[in-house]
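Work through the exercises below with the model open. Try each task before reading its solution.

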Amino acid sequence: MRVMMVAMAVLLCCGIGGGEAAAQPGQPDLGQEQVTFDSDGVTLHGAVYRPAGAGRHPGIVLIGGSGPGPRAEYHSEAAAFAHAGITTLVVDKRTAGYSTTHRDFSVLADDALAGVRLLRDRPDVDAGHVGLWGFSEGGWVATLAAARSATVGFVVTIGGSGLTPLRTQTWLLANLARCQGVSGRLPDAVSGPGAAVVDGLGVFPAADYDPAPALRQVRVPVLALWGDHDVKVPAAESAAIYQRELASDGNNSVTTRFVPNAGHNGHRTTDGFDKIGGDLFEGKPLGALDPGYTDVMTDWIHAVAADQPPPTSAATPPPQTAPSHAPGGHPGFEYAALAVLLLGFATYPLTAVVRMILRRSPSNANRVARRAARALSALGLVTTLGTVTYVVAILATGGSRPPTSFALGQPLPWLLLHGLAVAVPALAVILALSTWRARAQLTAPLRRHTVVLLATATAFVPWALHWQLLSR
């Protein structure tokens with residue numbers, strides 16, 4: 001029987017295709033047992049899905065994706081595993097120390113290992129074959145947990161990223177923008193200087209976590225899956241990283257596969273955008289579990305439990321929508337450049353405020369120059385602050401409010417910022433000409449302010465190019 005099971009697993013690992021669902025109507029009802037257990041001083045609540053029939057079964061702990069999602073979100077997967085004879089633990093994610101601005105994958109890995117211990121202590125579980133299933137963010141957690149503990153028997157991931165969270169997020173945002181008809185360089189501004197600014201603020205949770213070191217330390221069999229319509233994680237790049245890093249220290253059972261007609265979570269989809277993106281996708285039903293997805297996981301696990309894990313193999317990835325990009329620029333440079341521009345453009349209005357406080361009247365000499373200086377100062381401040389605020393807001397909303405094309409493939413705020421960015425150097429030229437013509441009449445303070453404003457406007461041009469404001 002075990003030989004037949006191993007043979008089926010090897011065949012399925014050669015490609016994920018049809019087959020019948022792992023859980024069919026008429027199968028025995030699953031037993032569910034509510035459990036609580038402690039991890040790092042926090043009491044976690046979960047449910048164990050027990051397979052029908054006596055005996056000791058392999059076990060698996062399900063690790064959910066990002067967000068506080070309740071364990072009910074993973075009922076389909078838990079039921080599929082249990083119907084296939086695998087005792088399954090699904091847990092409500094901790095709330096202490098986990099928020100939209102703070103993630104600690106190490107603590108989450110401790111929670112996963114506490115779940116492994118709970119299953120290993122059960123008399124109906126084969127303690128030598130208890131593994132982890134990680135979805136999306138859970139892929140980072142599962143591989144980290146497996147790297148640090150010999151109690152993990154195997155790892156299954158779906159939609160796991162081989163890149164940092166911040167780089168993965170900017171790739172998702174670029175996909176969402178394209179889905180909304182946005183073209184041009186806005187995604188480059190988001191993934192480049194915008195990502196660097198957010199990284200420096202420290203508000204993006206675990207932004208620079210690199211999964212590669214943990215992958216290199218995983219010694220147990222790994223099955224890594226991605227939907228061929230995954231728009232949240234760069235699947236082709238991630239698969240290449242998994243293959244390279246897992247095999248770098250001799251792991252000889254690494255299987256990477258792509259689920260046909262499936263999205264980020266392995267469920268059926270037509271375009272990959274189901275159930276992501278907040279209001280944009282609100283109301284779209286979660287696709288059904290594909291039989292090929294569930295069968296390949298459960299049969300692979302049974303092969304591992306029979307101590308005959310499939311040898312390393314890799315499927316050819318489907319075309320990725322676009323390459324990902326590392327955050328461009330350095331936070332220190334971005335903040336320094338921003339400070340220079342804001343201070344430079346603010347010099348003129350700040351001086352005007354001081355004059356008002358001291359009740360000093362400005363000279364009437366060259367009103368054109370003064371008006372141009374005021375306009376350039378205001379326009380420079382609005383454009384600089386507006387650009388950074390808009391791009392950072394795109395990252396901060398996490399895709400729940402993706403930019404939407406208004407005209408020419410651009411969102412309305414980005415079009416307005418483009419126009420303002422062109423107007424800044426144009427006003428600088430007007431200011432330079434007007435002050436040159438009236439140079440003999442200029443007061444010393446106005447001459448100094450003009451020099452500062454023109455220097456700032458000159459520095460603004462390469463900054464605007466860096467932030468993609470002067471290019472489409």
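This is a predicted model: local features need pLDDT of at least 70, side-chain atom pairs count only at pLDDT 80 or more; totals for chains, interfaces and linings use all residues.

Residues are numbered from 1 along each chain as its sequence is written, and side-chain values use heavy atoms, without hydrogens or water.

**Exercise 1.** Find the strand order of the open sheet and its edge strands.

Solution. Helices (H or I, at least four residues) and strands (E, at least two) are DSSP runs, numbered from the N terminus. Two strands pair if DSSP finds at least two bridges between them.
- The 9 strands run in the order S1-S2-S4-S3-S5-S6-S7-S8-S9, with mixed pairing.
- S1 (31-39) and S9 (313-314) are the edges, each pairing on one side only.
- S3 (residues 57-63) and S4 (residues 87-91) are parallel and joined by 4 bridges.
- Glycine 59 has threonine 87 of S4 as its bridge partner.

**Exercise 2.** Which strands does helix H9 lie across?

Solution. Contact means heavy atoms within 4.5 Å. Axes are lines fitted to C-alpha atoms, for helices over the stretch in contact; angles run from 0 to 180 degrees between N-to-C directions.
- H9 (residues 291-305) lies across S3, S5, S6, S7 (222-227) and S8 (254-259).
- Its angle to S7 is about 175°.

**Exercise 3.** Describe the largest nonpolar core and the contacts of leucine 119.

Solution. Such a core is a set of buried (under 20% relative accessible area, 1.4 Å probe, protein chains only) Ala, Val, Leu, Ile, Met, Phe, Trp, Tyr and Cys residues joined through side-chain atoms within 4.5 Å.
- The largest core has 48 residues; Leu89, Leu119, Leu132 and Trp226 have the most contacts inside it.
- Helix H3 (residues 105-120) gives the largest share, 9 residues.
- Beyond neighbours within four places in sequence, leucine 119 touches residues including Val48, Ile60, Leu89 and Val130.
- A separate second core of 47 residues includes Phe273 and Phe460.

**Exercise 4.** Characterise the pair of phenylalanine 460 and tryptophan 463.

Solution. Phe, Tyr and Trp rings (for Trp the six-membered ring) pair if their centres lie within 6.5 Å; planes under 30 degrees apart are stacked, over 60 edge-to-face, the rest tilted.
- This pair is tilted: 5.8 Å centre to centre, 35° between planes.
- The two residues are about one helical turn apart because they sit 3 residues apart in H13.
- Phenylalanine 460 is buried at 0% relative accessible area, and tryptophan 463 is buried at 5%.
- Phe345, Phe460, Trp463 and Trp467 form one aromatic cluster.

Key
Buried means under 20% relative accessible area, exposed over 50%, partly exposed in between (1.4 Å probe, protein chains only).
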